[in-house]
Amino acid sequence: MDYLHANFNQELNIESLAKMENYHPAYFSAWFKQKTGYSPQSYVARIRLKKAKELLKESSYSITYIAHEVGYYSLSSFTKWFAKQEGVSPTQYRSILKTDK
């Protein structure tokens, strides 16, 4: 868990995570979900979303910079992913926060 929180912006895969714990990837995925209620991929996505929302709210960094900070190296992939999660684009999310103040 600590490793995921410290490295959420890196490319992570089940095989390498399982290897760190000396587990088979399938067993690791099942074990992780039992412990957290989320698959490893979903857990990392939640960390990334939380951090992206924090950066959009508390900084004036560009959307591209924020995308890179949370582990997305394609702005369009980040924007699509964020919009799917939140129902609005990162730019719209930031605008909504500004108008709520």
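1. Serine 89 sits in the loop between helix H6 (75-86) and helix H7 (90-100). Helices here are DSSP runs of H or I, at least four residues long, numbered from the N terminus. This is a predicted model, in which local features need pLDDT of at least 70 and side-chain atom pairs count only at pLDDT 80 or more, while totals for chains, interfaces and linings use all residues. Residues are numbered from 1 along each chain as its sequence is written, and side-chain values use heavy atoms, with hydrogens and water left out.

2. Is serine 89 buried or exposed? Serine 89 is buried, at a relative accessible area of 16%. The cut-offs are under 20% for buried, over 50% for exposed and partly exposed in between (1.4 Å probe, protein chains only). Leaving aside neighbours within four places in sequence, serine 89 is in contact with Thr79, Phe82 and Ala83. Contact means heavy atoms within 4.5 Å.

3. The structure holds 1 salt bridge. The term needs a side-chain nitrogen of Lys or Arg within 4 Å of a carboxyl oxygen of Asp or Glu. Glutamate 86 and lysine 53 form it, at 3.5 Å from N to O. The pair links distant parts of the chain: glutamate 86 is in helix H6 and lysine 53 in helix H4 (residues 40-58), 33 residues apart. Glutamate 86 is partly exposed at 28%. Lysine 53 is partly exposed too, at 26%.

4. Helix H3 (residues 25-36) has 12 residues and should span 16 Å at 1.5 Å a residue; its end C-alpha atoms are 16 Å apart, which agrees. The expected span is 1.5 Å times one less than the number of residues. Phe28, Phe32 and Thr36 of H3 are buried. They cover an arc of only 40° around the axis, so they lie on the same side of H3. That arc is taken from the directions from the helix axis to the C-beta atoms. Their cover includes helix H1 (2-7), helix H2 (14-20) and H4. Glycine 37 follows H3, with a positive phi near 85°.

5. The whole structure has 11 aromatic pairs. Rings of Phe, Tyr and Trp (its six-membered ring) pair if their centres lie within 6.5 Å; planes under 30 degrees apart are stacked, over 60 edge-to-face, the rest tilted. Tyrosine 23 and tyrosine 27 are edge-to-face, with centres 4.9 Å apart and planes at 70°. Phenylalanine 32 and tyrosine 43 are also edge-to-face, at 5.4 Å and 80°. Phenylalanine 32 lies in helix H3 and tyrosine 43 in helix H4, so this pair ties together parts 11 residues apart in sequence.

Conventions: Helices (H or I, at least four residues) and strands (E, at least two) are DSSP runs, numbered from the N terminus.
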